[in-house]
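User: I have a structure to study. Can you take me through some of its contacts?

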Amino acid sequence: MARQNTGAGENRGAIRNRGRSGENGERLAQGLGWFSLGLGLAQIAAPGEMARLIGVPDDDENRQMMRAVGMREVASGLGILSQPHPEGWVWARVGGDVMDLSLLGGAWASDRTDKERVAAATVAVVGVMALDLLCGRQLTEHDADDASAGRQGVGGRDHARSVEDQRWSGAVHVRKSITINRPPEELYRFWRDFDNLPRFMTHMEEIRKLDDKRSHWKARGVAGFTVEWDAEITEDVPNERIAWASVAGSSVHNAGSVTFKQRPANRGTVVEVEMRVDPPGGAIGAKIAKLFGKEPVQQVADHLRAFKQIVETGHLTRSDTSFALVRHPARPPSKLPEAVEAELRTGTYQGAKS
Amino acid sequence: MRATCWMGTKDIQVRNVPDPKILNPDDAIVRITSTAICGSDLHLYNGFIPSMEKGDIMGHEFMGEVVEVGRDVKKLKVGDRVVVPFPIACGHCMNCESHLYSVCENSNPNAWMAEKLWGYSPAAIYGYSHMLGGYAGGQAEYARVPYADVGPIKIPDGMPDEQVLFLSDIFPTGYMGADNCNIKRGDTIAVWGCGPVGQFAIKSAFLLGAERVIAIDRFPYRLKMASEQGGAETINYAEVDSVPEALREMTGGRGPDACIDAVGMEAHGMGLIGAYDRAKQAMMLETDRIIALREAILSCRNGGTVSVIGVYGGFVDKFPFGAVVNRSLTIKAGQAHVQHYMKPLLEHIQKGDIDPSFVITHRLNLNDAASGYSTFLNKQDECMKVVLRP
């Protein structure tokens, strides 16, 4: 009881403090919103002038790019100004900044650009990005405070529950489903054999069976970092449901389940994955991961889609661009990854990672 | 191999690129003997379809000879002559099993991109942007054909390429446009657009039992083909005050029983409304100009069907939805489920009901693809359909 009081007291202080940071964040967001809108409109209305301003040649391609970037600016500007909780739009601006920096990086490499102007533009983008990050951070922390204040507000919660909540602070909750044109027995059997998981969990570096219940997982994270943990099956209902959780002491705390439910009248089987993941770096880590397309919701969605492709068609869907690590035109790749070559040569199709 | 590459808006070049390889065990490689430029390729040419990359290989209407098969391919063998349908379909998902091949759930590896724009992703299409799969197209010497046992149809010896090539897209597309009209004896069908798909829609409407077909366009040579080859009555929209009024008078004050939009997103309009849509599209305030579709909706009889087979990409403006609701109209649309129609339409060709080669006006070597695109776009030299031979 004493513990709980202390906790609540600390929290009230924190709310007061961060209340100010939330207000600052919102004011900053408004400013960034108007900035986005103005910049975007200028880019759409006068793409040629804007291209020259940042030192890139005023040609069709750059004008098109400038208009596209302008549309994005207008969208995020409107998003920030019109939404009661503009946090997501502010983080979208950070994503836009990253994109702009990569475009400017391309301009550096080109010999048709005015380097001084490109440099000035790069400095400007870095400056704005710092503001965007600051703003996003303030709003994000403010939201997290609101959420925890809400939890504290319900006084009657038992101790175990609040410990559970703390353990999952910053956790991402994911629920995703897909409908597959196969019976639940077949899908359960495929999923239950952990040797099959790497075939469709394409974001995973490695999934290794330790014994019938336990497995070792290694995931690729943002910017080349990998995270590893051991997981254990906590529930196993044949043809219906498999649940798992990371074992005590794991660096990435996660737990989840997959259920297989047959729909009537040949409508296939609904496969639903539910997961809670505590991403490294907490809520902010999750936001940054999101910018790089590695957020858990997207990963689970990708895995389910790949699972469906493999069980329905026998393999992952591959187009001419599926092996390219960077943007690649839709034309045959000049070289295939060695794993794919080997698999096609020997006929041992393993559905290697794309 | 040589391939027709999209290098930017209105910039098509034939370039040397790597040969395609088998990437999955149910792939086949086809050596292309004939391929065509589609009206929908002009939307790419004009830069109206997002997610094209410099260097993409164009083309989704092609046929040829199987030169290599993956180890899981059962129905095709090396040496077979095949026509390849433009939507890429797995044959195993629920939609494929329901013959809705152009909305296959598995064939688009970039489904997430299409989902951002359209909610869910349709099937992938050869040579038609990264949002629709990033698959190399067929205006080339060779193409990789995924799900080889599902899509390609074998062509018996003795049938020339030109008779069967259009089973890949425009004949089934025009046919589905008419099929979606649920035509009954005595029906009058109006068709907007007398390009190749419009021509096939006209012929198909008659094959399906229409009494009259009224064709609408502004190019005299296209209207002439509609009337002479297709047996349609015609309206030149540049010469009448109002297409809906003209149709009302031609149908005893009731309107056509069904209207087919074979025009799509780059419709041309006369006068103020045409200028309005052009301006909005140029300013990127709407992606698609729906002049033909608006007319089709306003012209259709109460309780009738508007069948849309022209390609639209994004968002439209001033859509007369009040007319749809209050007059009990049915709108049916879709990219053609080509795999569903290929066999019966091949039989129509074999029986002599139709010879699809009537639309061909230009035969070029693949090397001249760029001039083929500009001739087709500008409707020079009474251009109707360009066939390329590698």
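User: How many residues of chain B are in contact with chain A, and with how many residues of chain A?

Analyst: Keep in mind that this is a predicted model. On the chain B side, β1 (2–8), β4 (56–57) and α2 (94–97) each supply at least two of the touching residues. The count is 36 residues of chain B in contact with 29 residues of chain A.

User: How do the residues of the side of chain B that touches chain A divide by class?

Analyst: That side draws on β1, β4 and α2 of chain B, among its suppliers. Its residues divide into 17 nonpolar, 11 polar and eight charged.

User: Are α5(B) and α12(B) roughly parallel or roughly perpendicular to each other?

Analyst: Helix α5 spans residues 170–179 of chain B, and helix α12 spans residues 338–351 of chain B. Their axes come within 9 Å and cross at roughly 100 degrees. Angles of 65 to 115 degrees count as roughly perpendicular. α5(B) and α12(B) are therefore roughly perpendicular.

User: Which class makes up the contact of α5(B) with α12(B)?

Analyst: From α5(B) come F171(B), P172(B), Y175(B) and M176(B). They meet V338(B), Y341(B), M342(B) and L345(B) in α12(B). No polar and no charged residues take part; the contact has eight residues, and the class is nonpolar.

User: Is the crossing of α8(B) and α10(B) left-handed or right-handed?

Analyst: Helix α8 (residues 243–250) and helix α10 (residues 291–299) of chain B pack at about 35 degrees, with axes 9 Å apart. V243(B), P244(B) and L247(B) in α8(B) meet E295(B), L298(B) and S299(B) in α10(B). The contact has four nonpolar residues, one polar and one charged. The crossing is right-handed.

Notes:
Residues are numbered from 1 along each chain as its sequence is written. Chains are lettered from A and ligands numbered from 1 in the order in which they are written. This is a predicted model: local features need pLDDT of at least 70, side-chain atom pairs count only at pLDDT 80 or more; totals for chains, interfaces and linings use all residues. Axes are lines fitted to C-alpha atoms, for helices over the stretch in contact, and angles run from 0 to 180 degrees between N-to-C directions. Helices (H or I, at least four residues) and strands (E, at least two) are DSSP runs, numbered from the N terminus. Angles under 35 degrees count as roughly parallel, over 145 as roughly antiparallel, 65 to 115 as roughly perpendicular and the rest as oblique. Two residues are in contact if their C-beta atoms, placed from the backbone, lie within 7 Å. Ala, Val, Leu, Ile, Met, Phe, Trp, Tyr, Cys and Pro count as nonpolar, Asp, Glu, Lys and Arg as charged, and the others, Gly among them, as polar. A crossing is left-handed if the near helix is turned anticlockwise from the far one by less than a right angle, and right-handed if clockwise.
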